[in-house]
Amino acid sequence: DVGAWGGLISQKGAFLCAQDTVNLNVTFTKKLSAGLFGGEGFILQDISGTGMVFLEIDGDKVEKNLAPGEVIKVDTGNVVAFEKTVGYDIETVKGLKNIFLGGEGLFLTKLIGPGKVILQTQNFNEFAGRIIQRVPSK
């Protein structure tokens, strides 16, 4: 029930369906740099109202309840949704060794409590990219 969460912000494309009493609106990342470089674009989905909502989750669902001021940093593609009380920012990965050898890309999503966060264990775009690299070109 989205009402029990006090509303959610989700990544674009995560929304599947909901009851008539659920509202879906477009919202934008707070910072231009987050949209340009975060890998998920400028657009997020603001889900509010009351009723059941269904989100697409790749892999397993991981739900975390962040305490006030608690911070977690997650690969951007693994964030599904979070309560509106959770702060959201994009951070660059520090250090040339991490950038070139880490394999996780240049950016992480920083989530700051309080509030609930829904993560997914599989980043579909990253997974598809690994498959494409192994497909013979001729």
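Predicted model: local features only at pLDDT ≥ 70, side-chain atom pairs only at ≥ 80, totals over all residues.
Residues are numbered from 1 along each chain as its sequence is written, and side-chain values use heavy atoms, with hydrogens and water left out.

Where does Q120 sit? Its place is in strand β11, residues 115-120, a strand being a DSSP run of E with at least two residues, numbered from the N terminus, while helices are runs of H or I with at least four. The side chain of Q120 also reaches the backbone oxygen of G77 at 2.8 Å, and a polar contact is a pair of N or O atoms within 3.5 Å, one able to donate a hydrogen and the other to accept it, with residues adjacent in sequence counting only if both atoms are side-chain atoms.

Is Q120 buried or exposed? With a relative accessible area of 10%, Q120 is buried, since buried means under 20%, exposed over 50%, and partly exposed in between, using a 1.4 Å probe and protein chains only.

Turning to the whole chain, we find four helices and 11 strands, and of its 138 residues, 37% count as buried. Among contacts between residues at least 6 apart in sequence, 76% join residues at least 24 apart.

Conventions. Contact = heavy atoms within 4.5 Å.
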